[in-house]
Amino acid sequence: LAAASGWLTGKDSRAAATPWMFAPILGVATHPLWPRVYETFGEDPLLVARMGAAVVEGMQRRGGEGEIPARAAACMKHFV
């Protein structure tokens, strides 16, 4: 599901003539008052890593023969 979400994000970005995205956010939600908690994949570092990898793979996946180009560059944010 995460890879499919990334693929759709890449496809939509390419359709808008933007071949890159400043996503996904790979910050681990460690403090509930952080204003970007809703953008993260949660508070478990392993879950964040696996979901982030799946989204990036989906965004940067090559399309098949005759498919609309959906490949776009991902720029992971808040990853320290």
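Trainee: Fine. What kind of model is this?
Mentor: This is a predicted model.

Trainee: How many helices and strands are there in the protein?
Mentor: The protein has two helices and two strands. Read from the N terminus, the elements go α-β-α-β.

Trainee: And what box do the C-alpha atoms fill?
Mentor: Roughly 45 × 20 × 20 Å, taken along the principal axes.

Trainee: What share of the residues is buried?
Mentor: Buried residues are 26% of the 80 in the protein.

Trainee: What about contacts between residues 24 or more positions apart?
Mentor: Among contacts with a separation of 6 or more, 56% are between residues 24 or more positions apart.

Trainee: On to the helices. How do the axes of H1 and H2 cross?
Mentor: The axis of H1, residues 2-15, comes within 6 Å of the axis of H2, and the two cross at roughly 40°. H1 is therefore oblique to H2.

Trainee: Which residues make that contact?
Mentor: H1 contributes Ala2, Ala3, Gly6, Trp7 and Thr9. From H2 come Met51, Ala54, Val55, Gly58 and Met59.

Trainee: Is the crossing left-handed or right-handed?
Mentor: H1 passes H2 in a right-handed crossing.

Trainee: Staying with H1, is serine 13 buried or exposed?
Mentor: Serine 13, which sits in helix H1, is buried, because its relative accessible area is 14% and the cut-off is under 20%. Leaving out residues up to four places away in sequence, serine 13 touches Thr18 and Met21.

Trainee: Different topic. Where is threonine 40?
Mentor: Threonine 40 is in the loop between strand S1 (20-21) and helix H2 (45-59).

Trainee: Buried or exposed, that threonine 40?
Mentor: Threonine 40 has a relative accessible area of 12%, so this loop residue counts as buried.

Trainee: What does the side chain of threonine 40 reach?
Mentor: The side chain of threonine 40 reaches the backbone oxygen of valine 37 at 2.9 Å. A polar atom of that side chain also lies 3.3 Å from the backbone nitrogen of glycine 42.

Trainee: And which residues is threonine 40 in contact with, leaving aside its neighbours within four places in sequence?
Mentor: Threonine 40 is in contact with Ile25, Gly27, Ala29 and Trp34.

Trainee: How many salt bridges does the structure hold?
Mentor: One. The side chains of arginine 36 and glutamate 39 form a salt bridge, with N to O at 3.0 Å.

Trainee: Last one, cysteine 75. Where does cysteine 75 lie?
Mentor: In the segment after strand S2 (73-74). Cysteine 75 has 35% relative accessibility, so the label is partly exposed.

Trainee: Which residues is cysteine 75 in contact with?
Mentor: Apart from neighbours within four places in sequence, cysteine 75 is in contact with Met21, Phe22, Ala23 and Pro24. Met21 is also touched by serine 13 of H1.

Trainee: How far apart are cysteine 75 and arginine 61?
Mentor: Cysteine 75 and arginine 61 are 14 residues apart in sequence. In space, they are 15 Å apart from C-alpha to C-alpha.

How values were computed: Residues are numbered from 1 along each chain as its sequence is written. This is a predicted model: local features need pLDDT of at least 70, side-chain atom pairs count only at pLDDT 80 or more; totals for chains, interfaces and linings use all residues. Side-chain values use heavy atoms; hydrogens and water are left out. Helices (H or I, at least four residues) and strands (E, at least two) are DSSP runs, numbered from the N terminus. Buried means under 20% relative accessible area, exposed over 50%, partly exposed in between (1.4 Å probe, protein chains only). A polar contact is a pair of N or O atoms within 3.5 Å; within protein, one must be able to donate a hydrogen and the other to accept it, and residues adjacent in sequence count only if both atoms are side-chain atoms. Contact means heavy atoms within 4.5 Å. A salt bridge is a side-chain nitrogen of Lys or Arg within 4 Å of a carboxyl oxygen of Asp or Glu. Axes are lines fitted to C-alpha atoms, for helices over the stretch in contact, and angles run from 0 to 180 degrees between N-to-C directions. Angles under 35 degrees count as roughly parallel, over 145 as roughly antiparallel, 65 to 115 as roughly perpendicular and the rest as oblique. A crossing is left-handed if the near helix is turned anticlockwise from the far one by less than a right angle, and right-handed if clockwise.
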